[in-house]
Amino acid sequence: MPDWPAFPVDAAHAAGSELVMLGYMIWPDSITPDSLLGWQPVPDERGWSARVGTFEQLRDAGMRDAEI
């Protein structure tokens with residue numbers, strides 16, 4: 001289990017909100033029990049990453065609710 005205190009939930013939420021303002025969204029299927037709102041720890045580093053896509057990419061993949 002990742003060390004969630006290393007990346008607070010508020011920071012994960014803020015980072016996701018910033019992505020939305022830039023026209024991206026965390027890929028919905030990346031939000032799993034072992035992620036933090038879709039963010040995954042980067043192995044052997046002090047960092048986090050998330051799979052993202054544009055709203056158009058999400059819609060093209062069949063995720064119709066991917067709209068602002």
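Is Ser 30 buried or exposed, and what is its relative accessible area? Ser 30 is buried, with a relative accessible area of 13%, where buried means under 20%, exposed over 50% and partly exposed in between, for a 1.4 Å probe and protein chains only. Ser 30 sits in the loop between β1 and β2, and, apart from residues up to four places away in sequence, it touches Ser 35, Gly 38, Gln 40 and Arg 51, a contact being heavy atoms within 4.5 Å.

The model is predicted, so that local features need pLDDT of at least 70 and side-chain atom pairs count only at pLDDT 80 or more, while totals for chains, interfaces and linings use all residues. Residues are numbered from 1 along each chain as its sequence is written, and side-chain values use heavy atoms, with hydrogens and water left out.

**Overall fold**

The chain contains 2 helices and 4 strands, arranged along the sequence as α-β-β-β-β-α; helices (H or I, at least four residues) and strands (E, at least two) are DSSP runs, numbered from the N terminus. Of the 68 residues, 22% are buried. Among contacts with a separation of 6 or more, 60% are made by residues 24 or more positions apart.

**Core and aromatic cluster**

The largest nonpolar core consists of 6 residues, namely Phe 7, Ala 12, Leu 19, Ile 26, Leu 36 and Trp 39; such a core is a set of buried Ala, Val, Leu, Ile, Met, Phe, Trp, Tyr and Cys residues joined through side-chain atoms within 4.5 Å. Leu 19, leaving aside its neighbours within four places in sequence, is in contact with Tyr 24, Ile 26, Trp 39 and Val 52.

The whole structure holds 2 aromatic pairs, for which ring centres (the six-membered ring in Trp) must lie within 6.5 Å, planes under 30 degrees apart counting as stacked, over 60 as edge-to-face and the rest as tilted.

| Pair | Centre distance | Plane angle | Class |
|---|---|---|---|
| Phe 7 and Trp 39 | 5.8 Å | 85 degrees | edge-to-face |
| Phe 7 and Trp 48 | 5.0 Å | 40 degrees | tilted |

Both Phe 7 and Trp 39 are buried, and their pair links the segment before α1 (9-21) with the loop between β1 (24-26) and β2 (40-41), 32 residues apart. Phe 7, Trp 39 and Trp 48 together form one aromatic cluster.

**Largest pocket**

The largest pocket has a volume of about 160 Å³. On a 1 Å grid over the protein atoms alone, a pocket is an open set of points where a 1.4 Å probe fits, with protein on both sides within 12 Å along at least five of seven lines, and lining residues have an atom within 4 Å of a point. The volume is the space filled by probe spheres set on the points, which are joined across faces, edges and corners. Helix α1 gives the most to the lining, with 5 residues, and the lining includes His 13, Met 25, Leu 37 and Trp 39.

**Positive phi**

Most residues other than glycine have a negative phi. Leu 37, however, has a positive phi near 55 degrees; this residue lies in the loop between β1 and β2 and is partly exposed at 39% relative accessibility. Asp 44, in the loop between β2 and β3, has a positive phi of about 60 degrees and counts as exposed at 84% relative accessibility.
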